[in-house]
Amino acid sequence: MSEIIQFPTRMQVEMHGRSVSELRETLKGFKSSLVASQTAALEAASVKIISIGDYPEDRITKDDDQVNWEKATSEDRIYGLKATRLLSFSDGAHYKMENNCERCDKKFVKKVDLRRVEDGGDIVCWEFEYEEHRDAFKRGVPFEGKLRDRLIKWRLLYGEDEAQIERIAQNNPNANTSDLTFNMKIVEVEGMHRNDVDAWLKTLGDERIELQDMMAEASAGVDLVVDAQCPWCDCVQDATIPFDLEFWIPVVQTQRDRRRRRREKALKKTVR
Ligand SMILES: [Zn+2]
């Protein structure tokens, strides 16, 4: 099955579904890098670009109208992976997440419909809301805003940035990936050498939220956080849809797997 998928950046790509065995074959050898395996899955599922949408003219297209997924925004990549799952599996839209309740600590399953809200699902997607942001993205220049009377310039993250963050995190077990991600988006802080910027960002406190809000306003994306209500204590909490290998290669449970799990369960009970 193939379909034209429109991304948050309005890029349109013809994509097709892959069988579980095809996906497994594609992803062999990518176990050490989640980002590389995501790129491989996206490459395997996309056929060709129909329209580049808001991307700069020379950014996103490889030879033969293929998408250069390393140059695609992180948000478009997530959207593409979600689309791959929808196209590949007969029940791809329905995803079950296991949660641990923050209040009562009991486990529960949250069912998510991965289709866009406008198609009857749970996933919220948006395009650039303001023309100035769309225009900056199209021209390949940073977005701008003011904080503490300083002009701040930032950009979106791309597949190649995710790969770099992953490399840094693998080499520094203590690295905080959410800080790395945030810092990498900042291109320039007025009147400051880039080497001093990361330390300055640490001093922001509550203003960091202000800056993150500005960044969120200048984005075209997809929201991975859904409300999950615990059936045991009714507490409603945020649950983030993961994008690991298991997300797009659902584990096929065989009779033998089920028997093995039952045995393990029984064993645990006797140990207790
Ligand atoms: Zn609970």
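**Exercise 1. Determine how strand E1 is joined to strand E2 and which residues are bridge partners.**

*Solution.* Step 1: strand E1 covers residues 2-6 and strand E2 covers residues 12-16; strands are DSSP runs of E with at least two residues, helices are runs of H or I with at least four residues, and both are numbered from the N terminus. The model is a predicted one, in which local features need pLDDT of at least 70 and side-chain atom pairs count only at pLDDT 80 or more, while totals for chains, interfaces and linings use all residues. Residues are numbered from 1 along each chain as its sequence is written.

Step 1: E1 and E2 run antiparallel and are joined by five bridges, and two strands count as paired if DSSP finds at least two bridges between them.

Step 2: Ser2 has His16 in E2 as its bridge partner, and Ile4 has Glu14.

Step 3: five residues lie between the two strands of this hairpin, and Arg10 in the turn has a positive phi of about 70°.

**Exercise 2. Describe the division of the chain into domains and the contact between domain 1 and domain 2.**

*Solution.* Step 1: domain 1 comprises 2-125 + 222-247 and domain 2 comprises 128-219, with bounds from an automatic or database domain assignment.

Step 1: the C-alpha centres of the two domains are 23 Å apart.

Step 2: domain 1 gives 16 residues to the contact and domain 2 gives 15 residues, where two residues are in contact if their C-beta atoms, placed from the backbone, lie within 7 Å.

Step 3: on the side of domain 1 that touches domain 2, helix H2 (34-45) and helix H3 (74-88) each supply at least two residues. The largest share, four residues, comes from H2.

Step 4: the residues of this side divide into six nonpolar, four polar and six charged; Ala, Val, Leu, Ile, Met, Phe, Trp, Tyr, Cys and Pro count as nonpolar, Asp, Glu, Lys and Arg as charged, and the others, Gly among them, as polar.
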